[in-house]
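Me: I have a structure open and would like to go through it piece by piece. Can you start with a pair of strands?

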Amino acid sequence: MAKDSLLHITSGTRFGYRTRLPWKRVDRCLVEVAEEVSAGAGLHLLVAPNGSGKTTLLRTLAGLSPALQGTVKAEAQVHYFADELRVDPEMKPRTFFRAWFSGESLAAAEKLAETLRLSLTTPIGKLSRGNRQKVLLIMAEVKAAQSDTSLLLMDEPLTGLDAETREQVTQLWAEAKTPTMRLVIMHELECVRQADSLLTIAHGRLRHATTRAGSTWMETYRSLQS
Ligand SMILES: Nc1ncnc2c1ncn2[C@@H]1O[C@H](COP(=O)(O)OP(=O)(O)OP(=O)(O)O)[C@@H](O)[C@H]1O
């Protein structure tokens, strides 16, 4: 594993799922890794068409499902955040944060809620989609701040957020003090100004660009997809 690399996926690794037919088990491969992938602290975007295997890839990196073949190594505390917060809808963000954090971490979570204009006293089930996302985003930031080195795997964390909040969140990511690698699934590349690399899935292959082809990552994305 290269120095400063927090995530390493060896070439030949295959991501997908297994189905069981009555007489045998069948591997359904969604993503193959032809060239090894290494990435370190910073913001890494995972952008690919619907149904191409992004969530499956992220869940495998999180250890929630096995790789069909090959290995994945993470040299960091791994935290996975699904695309939706699944908790008791009656729970309020304040109670949620108090269940997870105390002391300085709890204070940091409550401060972030204020910064992002999240009501701590509205039941989570009554919050809008964007406001529910804020609970997840705050959770992720405080978790990252608690570890020396973290790998945050986030499935569409910016979905549902208004433009101002997106701006604030990407700013928070850029200013984070602890060495954190964020691998973030997203669909709207336009809202990201600064990122360290872009991963995509094209024709079932994982592709990784560490330099931007044009003024935005969109051009890089298009060239990797072609
Ligand atoms: N355990 C499973 N059993 C059956 N099908 C599965 C399983 N896991 C994933 N799939 C299928 O694999 C495909 C890829 O799913 P995945 O959710 O990883 O894609 P995605 O790129 O995240 O999609 P989206 O952008 O729409 O969220 C989908 O067609 C999905 O239905």
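Reply: Strand β10 (residues 197–202) and strand β11 (residues 205–209) run antiparallel and are joined by five bridges. Strands pair if DSSP finds at least two bridges between them. Helices (H or I, at least four residues) and strands (E, at least two) are DSSP runs, numbered from the N terminus. This is a predicted model, in which local features need pLDDT of at least 70 and side-chain atom pairs count only at pLDDT 80 or more, while totals for chains, interfaces and linings use all residues. Residues are numbered from 1 along each chain as its sequence is written.

Me: Which residue in β11 does Thr200 stand opposite?
Reply: Arg207.

Me: And what sits between the two strands?
Reply: The hairpin has two residues between its strands, and His203 there takes a positive phi near 50°.

Me: Is His203 buried or exposed?
Reply: His203 counts as exposed because it has 8 C-beta neighbours inside 10 Å. The cut-offs are 20 or more other C-beta atoms within 10 Å of its own for buried, 12 or fewer for exposed, and partly exposed in between, with C-beta atoms placed from the backbone.

Me: Where is Arg117, and what is its phi?
Reply: Arg117 lies in the loop between α3 (103–115) and α4 (129–146). Its phi is positive, about 60°, although Arg117 is not a glycine. Arg117 is exposed, because 12 other C-beta atoms lie within 10 Å.

Me: Back to β11. What does Arg205 touch?
Reply: Arg205, which is in strand β11, touches Glu32 and Ala34, leaving out residues up to four places away in sequence. Touching is a contact: the two C-beta atoms, placed from the backbone, lie within 7 Å. The C-alpha atoms of Arg205 and Leu30 are 8.2 Å apart, though the two residues are 175 residues apart along the chain. Arg205 counts as partly exposed because it has 13 other C-beta atoms within 10 Å.

Me: New topic. Which residues are around the ligand?
Reply: Tyr17, Leu30, Ala48, Asn50, Gly51, Ser52, Gly53, Lys54, Thr55 and Thr56. A residue is near a molecule if its C-beta atom, placed from the backbone, lies within 6 Å of it.

Me: Which helix gives the most to that shell?
Reply: Helix α1 (residues 54–61), with three residues.

Me: How many of the shell residues are polar?
Reply: Six are polar, three are nonpolar and one is charged. Ala, Val, Leu, Ile, Met, Phe, Trp, Tyr, Cys and Pro count as nonpolar, Asp, Glu, Lys and Arg as charged, and the others, Gly among them, as polar.

Me: How many residues of α1 are buried?
Reply: Six of its eight, so α1 is mostly covered. Lys54 and Thr56 are among them. Just after α1, Gly63 takes a positive phi of about 85°.

Me: What about the largest nonpolar core?
Reply: The largest nonpolar core has 53 residues, of which Leu45, Leu46, Leu151 and Leu153 touch the most other members. α4 gives the most to this core, with seven residues. A nonpolar core is a set of buried Ala, Val, Leu, Ile, Met, Phe, Trp, Tyr and Cys residues joined through C-beta atoms within 7 Å.

Me: What does Leu151 touch?
Reply: Leu6, Leu7, Ala74, Ala76, Val78 and Met181, not counting residues up to four places away in sequence.
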